[in-house]
Amino acid sequence: MKDTLLRRLGPALLGGCFAFSFTVGAKSEELRIGYLAPTTGIFAQVGKDMVDGFRMYLEERKNKLGGADIKFIVEDEQGKPDTAVTKAKKLILQDKVHMIVGGLLASTGYALAPVSTSEKVLYVNPIAAADDLTQRDFAKYPFHVRTGWTSSQPSHPFGQWACEQGYKRIVAVGADYAFGYEVVGGFQRAFEACGGQIVQKIWPPLGTKDFGPYIPTIRADADAIFSLMVGPMSLQFPKQLSGAGNKKPVIGGGTSYDEFVLPAMGDEVLGHVSALQYSAALDTPKNAAFVKAYRTKYGKVPSYYSESNYTTAQMIEAVMAQNKGKFPGAETFIKQLVALKVDAVRGPVSFDDMRNPVHNIYVKKVEKKQMFGYNKPELWNTVIKTYPNVGQFGQFKKDEFLKTPVYNRDFPPCKFCK
Amino acid sequence: MHSESLKILLVVGALAAIAVVVPNTNSFLILLATRALAFAILVMSVDILLGYTGLPSLGQAAYLGVGAYMTAILATKYQFGLGYDFWLVVVFGILGGAALAAVFGLLAIRASGVYFLMITLALGQCVWGLAYRWNSLTGGDNGINLRERPKFGLDLSNEVTFFYVVFACFAVSLLLMYTLVRSPFGRSLAGIRERELRMKILGYNTWLHKYIAFIIAGAFGGLSGVLWAHTAGIVSPENVVLTTSVDALLMAVLGGAGTLIGGVIGSFIVFGLREYLSTIVPWWQYVLGIVYILTILYLPTGLMGIPERIRQRRASAQRRNDAKKLAPAAS
């Protein structure tokens, strides 16, 4: 009798034990991620690329990162710094998020970083590239970590590349705002350090559509033109430049030719060269898979906005996996995050001691060709040279670099202009 | 007279309700209410010009900008205004706004109507240009961060305390502006709005009256800027850009121009839709657009015009009824 009872109850008890332990194992922590991107207004399309990149990684992982269930809350920062602050506070105070991710514009980055300091909440910054967030103001923002790039980071190796091409005298044309100053400034410092000369700097206002007044003033004795454009400016400038009969080689900052603008460009940009930490034409199996999956899902080639956010999700996953799905607190999280060595879509990424990524910088040339088995010839940013493991100070010494002011309209001074 | 005191009672009651209810809601709503109140001061200053003097200003953000940038620059470069001297900054902000308005007014008051609109727009864009391009002072596109709020016995970094300070400033501003528009001077402004020529013939120096109204509006704009800077914690060219001026003007029209309190309602509605509704639904912009369109189509006098319209409808219905009653008797 006793035997039969045990025999009967045994499996049930055993099953019960399993079921119990199973429910314990399945009950995982929730990680709340507050995501800020412009989803309305003039930057809405860029914002979509950002959100899509992050969301794609989440969906690939079935909404779990490193064992934690993800609650992903997107808020519209409308491309305005003070709206970003309000929305960040909403996410922190009302939704009690563990971290804030996102922010597009440099000014938004500058607005969000102090919020992270005062609220003691992690701010993971995949896009906002303002140099000083991880340079001269680094100490003010202990809860800020950058997973994207600093504006001048690709410019430092690119300046050297320009020297190697034999360019001696270059005219810089850059959008007239902080991001433009930083990209152009980094290029000038590097180019002049290896013997080149920036002989003219032209600053058309942000959003310029008619470059008519600027193009004719470009000096005829220059060897090449360096451009830094963003958004619609990127489309207009090369078009009007070639319309004006330009024969000089054109090179530029990453946003002048990134995949966000490239599909809308024409043959006038063929042969133009730019530098960035990502190219959709990067010929690695990892990137090929990423581009194909992204394109199938969202109907367009991923831009660095997408890649940076995809990789950010990957980094968050790596840290959460180390902690078995339990959020370890902002301070520990940030320490573990910057200790990571990630094999990302853009290539290997690690961090420097100022919480900024160290990664490859790709020098890319616009070419018309077929890639990844797509049957139509399209414009791609073919990588022609890779500078491995470039930090934000590039070839310069950190201490000396930090003693100089942040790049601005007048720094570095234009010694060779007349 | 009776209805006037009833209105005042209503407004005081509503404000008291805000002061009691808001601090008991969650911190995000407190933040939003603080923002709406700080901005409402600017909207009321627009209303002084638009609703009472008949001068549609499209450059009012400039005065908010002066107050805000002054606060931010003093706080970050000179560590000034982070203790009791906060109140000095408030005074400076008011004087700064007034001073700028005194300069701009010389140029703008010559014109009226659309021309006034254009001139104020241009002047406002000048301030935006300065904020955007004068990198060494304003931080250019990146703006200026205020890392802390003032502390003087009261700790303003506490959102509730700060809400009360902004609320107090707002209430005082409302009271002052209300007194102003009910004063003989305010009446003269209304006279100018209705018919300037007539006021001239009556012997008023209408230019001077408009000029003074313009300066007063600028002063309140400056005050609004000081509060705004500490509310948002960041001052950037975005605060001075044309859309901020347009926002202020739209809020005044939405609530009802020439009522002061209408601007406050407008401010709360727009902030509510833009910053609260946008956290709930992605199509908040359509709601905002529809609200604007409906107001312009059906309520040209703004939301504050609703009671008046109801009264008119009732009165006309009454008249029709009376006519009906009379009709059989006549036949």
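## The A:Cys163–A:Cys194 disulfide

A:Cys194 counts as partly exposed because its relative accessibility is 34%. In this predicted model, A:Cys194 is joined to A:Cys163 by a disulfide, with the sulfurs 2.0 Å apart. The torsion about their S-S bond is about 85°, so this disulfide is right-handed. The pair links distant parts of the chain, 31 residues apart: A:Cys163 sits in helix 5 (residues 155-164) of chain A, while A:Cys194 lies in the loop between helix 6 (178-193) and strand 8 (197-202) of chain A.

What about the partner's surroundings? A:Cys163 has 18% relative accessibility and therefore counts as buried, the cut-off being under 20%.

## The A:Cys414–A:Cys417 disulfide

A:Cys414 and A:Cys417 form another disulfide, with an S to S distance of 1.7 Å. Here the angle about the S-S bond is 45°, and the link is right-handed. A:Cys414 is partly exposed at 25% relative accessible area, and A:Cys417 is partly exposed at 30%.

Over all chains, the count comes to 2 disulfides. With the bonded cysteines of chain A numbered in sequence order, they pair 1-2, 3-4.

## Cysteines in chain B

Is B:Cys169 buried or exposed? B:Cys169 is buried, with a relative accessible area of 10%. B:Cys126, at 46% relative accessibility, counts as partly exposed.

Chain B is divided into domain 1 (7-300) and domain 2 (307-331). The centres of these two domains, taken over C-alpha atoms, are 43 Å apart.

Chain B also carries a nonpolar surface patch formed by B:Trp283, B:Tyr286, B:Ile290, B:Ile293, B:Leu294, B:Leu297 and B:Tyr298, with about 830 Å² of accessible area together. B:Tyr298 belongs to helix 13 (residues 284-298) of chain B and counts as exposed because its relative accessibility is 53%.

Definitions and conventions
Residues numbered from 1 in each chain as written. Chains lettered and ligands numbered in written order. Predicted model: local features only at pLDDT ≥ 70, side-chain atom pairs only at ≥ 80, totals over all residues. Heavy atoms only, no water. Patch = residues over 30% accessible without salt bridge, like charges linked within 9 Å, V, L, I, M, F, W, Y side chains within 5 Å. Areas by Shrake-Rupley, 256 points an atom, 1.4 Å probe, with all protein chains shown as cover. Salt bridge = Lys/Arg side-chain N within 4 Å of Asp/Glu carboxyl O. Helix = DSSP H or I, 4+ residues; strand = E, 2+ residues; numbered from the N terminus. Buried < 20%, exposed > 50% of the residue type's maximum accessible area, 1.4 Å probe, protein only. Domains from an automatic or database assignment. Disulfide = S-S within 2.5 Å.
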